[in-house]
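Please look over the sequence and the model first, then read on.

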Number of protein chains: 2
Amino acid sequence: MPCNLDMNEIGVRAKGASRVLARTSGRDRSAALRAMADALAADVERILEANARDVADAHAAGLAAPLVARLRLDRQRVDDMCGRLLVLADLPDPVGVVLEGFTGPSGLRVERIGVPIGVVAVVYEARPNVTAEAAGCCIKSGNAVILRGGSEAFRSNVAIAEALIAALGRVGLPEAGIQIVRSTERSAVDRLLTLTESVDVLVPRGGRSLIEHVNAHSRVPVLKHYEGICHLYIAADAPAELAIGVAVNSKCQRVEVCNALETLLVDAACAERLLPGLTEALRARGIALRGCERCRRIVPEMDLATEDDWRTEYLAPVLAIRVVDGLDAAVDHISRYGSGHTDGIVSLRSDWIERFVTGVDSASVMVNASTRLSGGGAYGLGAVVGISTDRLHARGPVGVRELTTYKWVARGNGHLRT
Amino acid sequence: MPCNLDMNEIGVRAKGASRVLARTSGRDRSAALRAMADALAADVERILEANARDVADAHAAGLAAPLVARLRLDRQRVDDMCGRLLVLADLPDPVGVVLEGFTGPSGLRVERIGVPIGVVAVVYEARPNVTAEAAGCCIKSGNAVILRGGSEAFRSNVAIAEALIAALGRVGLPEAGIQIVRSTERSAVDRLLTLTESVDVLVPRGGRSLIEHVNAHSRVPVLKHYEGICHLYIAADAPAELAIGVAVNSKCQRVEVCNALETLLVDAACAERLLPGLTEALRARGIALRGCERCRRIVPEMDLATEDDWRTEYLAPVLAIRVVDGLDAAVDHISRYGSGHTDGIVSLRSDWIERFVTGVDSASVMVNASTRLSGGGAYGLGAVVGISTDRLHARGPVGVRELTTYKWVARGNGHLRT
C-alpha cells in the first residue's frame, strides 16, 4: 500500500469502495468482520511490537502515565478487539431493513429502507482499539471508513489497520473499504474537512481543541464526540445507600472517560442528611472535592468551587459539589453548565423522576443508575464509533444502526400525480 | 413586536421558547395549530393586502411571470394553508414516543424517546405558504422556529407570521416559539449561521447560490434542500403506454418544482421502439427536448444535449434525453450527474427493478410511478419544512417526525458499572 496517498485520492478510493460495499450482503460483511478478527489474532506479534515502539516514544516524550496506560496494548486487549469484531459480526444487518412501509390510498406502495451513509471519516486521539472498533462498525453497516488516529498511537493504528485491510481483500471486499491516513499533520485533517464530494460524515473524537477546530472549519457534516460534563442530582427523598452507591460508581469506576461524573448536585432538603456520608465515601476513594459555600457549611473540609468548576470536564479524581434548591434548580444548573451527554437523578418519587427526565435535555438520562452505564454496552449496540453530543442524526452512542441512513422506495403501476 | 431585534436576541428568545415548548403536551400543541389556522382565516384580508403590495412590487421590478404566480395569494391559497395546519393538528404527536425499549440482562430498563430538536431556523425564498407550513411543522414537533423568507414575499410572510404568533399567545404558548426575521439583508442570514448556542439546525430552501453560501459558511448544522436533477430510466422491456404516461407526468405535471423530471434515460434496446412516441407526447405538451447523438439518430428534430444539460435542473419546460446501454449505464449516469433527490425506473421485470432500486443512491426511488409523487404528500407526512438532499438525520421530505431527535432514558434501582 502506498504511504503518501494524497487525501483527495483517499477520498475518491473510499467513495468507490463505498459503492461496492453498499451492494454487499449482510452475510458477506459478517464474514469480513470474522476475517478481520482472525487477522488481528494472527498479527498480534506485529501489532504488539508496533505498540511497544509507540509506548517507548510516549515515555520518552514524557506523556502522562494514564495516557500511556490507555495507549498500551497487550494480548488481552488485542483479544478484546477481536471479541468486539465477532460481536459485530453477529449483530443484525442494518442495511436493507424496511424501517416502515405502507400502501397509500391510490395503491402506491411506499417503503423506507436502511442504507449505508457512504464514507465515514473518523478522527480520533489516543486509544488504538478505536481503529478496530470504528472500522468494524463501518464495515458492518456497509460504509467505507477513513481512519485518522493520534500521533502517539500512529504505529499501533497502522499495524491494526493493515491487518484489517488485508482481511477485507481476503474475503473479496474492496481493500479501500478501510483506509488509514499515514500522516500525523493537522493539515491532513484539514484536507479531510473539505472533501465534500467524497466524505459523507466526519466523526471527531478527542479533546476540546480538535472538536472546536473541526466544528469551525468542516464543510463536511460532523457528528461530534464532545465532552461529557455529567451531573448526578440527589433528590430530597434519596435513600443514603442508593445515593452513595450511584454517586461513587459514577465518579470512581473510571475517571478519565466521558460518562464519568463531574458535578454532584445535592438537594438542600437532604444536604445535611447526606453530604457527610457522600463526601466521606468519595474521599475514601481518593476523590478531591470542590464544593459551593453551602456545601462547605455542612462539610467544611473541601476547596471552594468556582464558576469554572461547573464548566469543567475533569477526567480526573476531582468532583464539584453544589447544593441546589429543589429539582428545578438542578435542571437549571444542568441546562446551563451541562454538555448534554449524561445526567442522572437519585430519587424514589416517580413524579420527581418524570419531571427530571422530561426537563433534562441530555442524550442519556439515568434514573437510580450510574452515569457510567450510559453508552453502547448497556444499550445493546455491540460496538460504537463514538458517542454523539450532537442533536441531529444520532444522539448518544453511534453504533451500526446510527451509521446508516435510508431511502424511500415507491412502487406503482403507472401511478401519476393529478 | 419590536421590528429590529438583534439576531442574537432572536436566537436567545427562540432557545427560551424551545425549552417551554419541549415540555408542552401534544394536545396543547394541536390546539395551537388549530388556533393558528383560525388566525390565518381571521386575518385573510390583512394577509391578501400585504401580498398585493408584494405582487405589485414584483411586477414593478420585472420579476418573471412564473415567480409572480408563485408569490400571489388568494382566498383559496390561504384556505389551503389553514387546511395544512389542521392536518398537522391531527397527526400523531412525535414527542414522547418510545422509539424502542428493552430491559437489559441486569434489569436496567432502557428506552429511546422522541424529543424536539430545539430551535429550527428556516431560510427560504419565494412562496409565502412556506411561512405557515414550516411554522406549523415546528410547533407540532415542539420546536421553536426562526423564519427568514425571501425579499419578494416579505410583507406577505410578516403578515402570515404575525397571525401565527398572536395565535400562540392566545393559547398560552410562548410567542417566541415563532419569530420572523424582519430584514432582507444577506447579513441577517450570515448571523444566523453563527448562532451555534441557540440554533440547533438550519434548513435552507432556495437556489444554488443560497445553498452554497450556507454550506460554505454555516457553523450550525444544516439540512439542505438542494436541487433535484431527477431521472427516469426507461428499461428495455418498458411498455410504451406505461413509459409515456410516467415520463409525461414526471416532466409536465408541474415543471418548476424539485421533483420534476430533468433527464430521461432510454435503454438502447428500446430506443427505436419508444423514442418516437415519447418525444411526440412530450412535445405535444410544449416540452423542448435536448438529446444525445444517438437520440437524434432516431428522432432528428431536437437540439443536441451537451455535458451541461446532464447537470442542469431546468425547472422549466425543457428535458434532456440520453440513450444508455443497459441498466448499469443508467445507474452510472445517475450516480455521476444526479443530485440524489428522486430517480425512477419504468420496467416490469422484478430483477431489473431490484437492481435499480439497490444501485441508485437517491432519497426517493420511484418504480413505475411519477417522480412527482415523491414527497410528503404520498409518504403520508402531512406537511414538510423541506425536502432534504443530505444523507444525515433526514433524507427526502422533512416532516414533524424528522424535526425530532431522541434521548436515551435508563431506569435502574442502584445499577452500577462493574
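The model is a predicted one. Chain A is superposed on chain B by a rotation of 180 degrees, with 0.0 Å of shift along the axis and an RMSD of 0.0 Å. The two copies are thus related as by a two-fold rotation axis.

**Axis and shared surface**

- In chain A, His393(A) has the C-alpha nearest the axis, at 1.8 Å from it.
- Both copies use the same surface, as 100% of the contact residues of chain A recur in chain B.

**Contact between the chains**

- On chain A, 55 residues are in contact with 55 residues of chain B.
- The elements of chain A that give two or more residues to the side touching chain B are helix 9 (208–217), helix 10 (240–252), helix 15 (350–359), strand 13 (364–369) and strand 16 (404–415).
- Strand 16 of chain A gives the most to this side, with eleven residues.
- Sorted by class, the side of chain A that touches chain B has 24 nonpolar, 21 polar and ten charged residues.
- Strand 16 of chain A also pairs with strand 13 (residues 364–369) of chain B, in the parallel sense and over five bridges.
- Within that pairing, His415(A) has Ala369(B) as its bridge partner.

**Nonpolar core**

- The largest nonpolar core has 270 residues.
- Among the residues with the most contacts inside this core are Leu164(A), Leu202(A), Ile234(A) and Leu40(B).
- Leu40(B) touches Ile47(B), Val78(B), Met81(B), Cys82(B), Ala132(B), Ile160(B) and Ala163(B), leaving aside residues up to four places away in sequence.
- In soluble globular proteins, nonpolar side chains tend to be buried together.

**Strand 3 of chain B**

- Strand 3 (residues 119–124) of chain B has six of its six residues buried, so the rest of the structure largely encloses it.
- Strand 4 (residues 144–148) of chain B runs parallel to strand 3 of chain B and is joined to it by five bridges, with Val145(B) opposite Val120(B).
- Together with helix 6 (residues 129–140) of chain B, strands 3 and 4 of chain B make a right-handed β-α-β unit.
- Strand 3 of chain B also pairs with strand 6 (residues 201–205) of chain B, in the parallel sense over five bridges; here Val123(B) stands opposite Pro204(B).

Conventions
Residues are numbered from 1 along each chain as its sequence is written. Chains are lettered from A and ligands numbered from 1 in the order in which they are written. This is a predicted model: local features need pLDDT of at least 70, side-chain atom pairs count only at pLDDT 80 or more; totals for chains, interfaces and linings use all residues. Copies are superposed by least squares on the C-alpha atoms of residues with pLDDT of at least 70 in both. Two residues are in contact if their C-beta atoms, placed from the backbone, lie within 7 Å. A nonpolar core is a set of buried Ala, Val, Leu, Ile, Met, Phe, Trp, Tyr and Cys residues joined through C-beta atoms within 7 Å. A residue is buried if 20 or more other C-beta atoms lie within 10 Å of its own, exposed if 12 or fewer, and partly exposed in between; C-beta atoms are placed from the backbone. Helices (H or I, at least four residues) and strands (E, at least two) are DSSP runs, numbered from the N terminus. Two strands pair if DSSP finds at least two bridges between them. A crossover is right-handed if, with the strands pointing away from the viewer, the path from the first strand over the helix to the second runs clockwise. Ala, Val, Leu, Ile, Met, Phe, Trp, Tyr, Cys and Pro count as nonpolar, Asp, Glu, Lys and Arg as charged, and the others, Gly among them, as polar.
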